[in-house]
Amino acid sequence: MFQVCISEEAGEFIRGLSEPEQQKVVRIFRELQWYPQTRHLRMKKLVGRDVFRIRVGRYRILCEIDGKQQRIDINDMDDRKDIYR
């Protein structure tokens, strides 16, 4: 089982979401613990970076996966129009 670690920036963004949106994000974090059996999340590796993207409605989650330490670091979460800047 993987450990999911959330950065301070991502945590602040999540706290600013509405309750239903927060519940969606928490559900995804729980499912990430079972990586690599999370194909239904449709994670996509970004070109030129060791970062993966997960879509949650109009929001995007950027994370790094360390298979040796079985750890997933949630680096950032933001609106889809702002996340890649």
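## Strands β3 and β4

Strand β3 and strand β4 (residues 59–66) run antiparallel and are joined by 5 bridges. Keep in mind as you look around that this is a predicted model.

Two cross-strand positions are handy for finding your way here. F52 has C63 as its bridge partner in β4, while R53 stands opposite L62 in β4. The two strands form a hairpin with 2 residues between them, and in its turn G57 has a positive phi of about 60°.

## Back to β2

On to the pairing of β3 with β2. Strand β2 covers residues 44–45 and strand β3 residues 52–56, and the two pair in the antiparallel sense over 2 bridges. R53 turns up again here, as the bridge partner of K44.

β2 and β3 also form a hairpin, this one with 6 residues between the strands. Its turn holds G48, which has a positive phi of about 80°.

## Onward to β5

In the other direction, β4 is joined to β5 by 8 bridges, and these strands run antiparallel.

The hairpin of β4 and β5 has 4 residues between the strands, with Q70 taking a positive phi near 50°.

## A positive patch

Now for the surface: R42, K44, R55 and R80 form a positive patch. R80, another member of the patch, lies in the segment after β5 (71–79).

Note on methods. Residues numbered from 1 in each chain as written. Predicted model: local features only at pLDDT ≥ 70, side-chain atom pairs only at ≥ 80, totals over all residues. Heavy atoms only, no water. Patch = residues over 30% accessible without salt bridge, like charges linked within 9 Å, V, L, I, M, F, W, Y side chains within 5 Å. Areas by Shrake-Rupley, 256 points an atom, 1.4 Å probe, with all protein chains shown as cover. Salt bridge = Lys/Arg side-chain N within 4 Å of Asp/Glu carboxyl O. Lys, Arg positive; Asp, Glu negative; His and termini not counted. Charge placed at Lys NZ, Arg CZ, Asp CG, Glu CD. Pairing = 2+ DSSP bridges.
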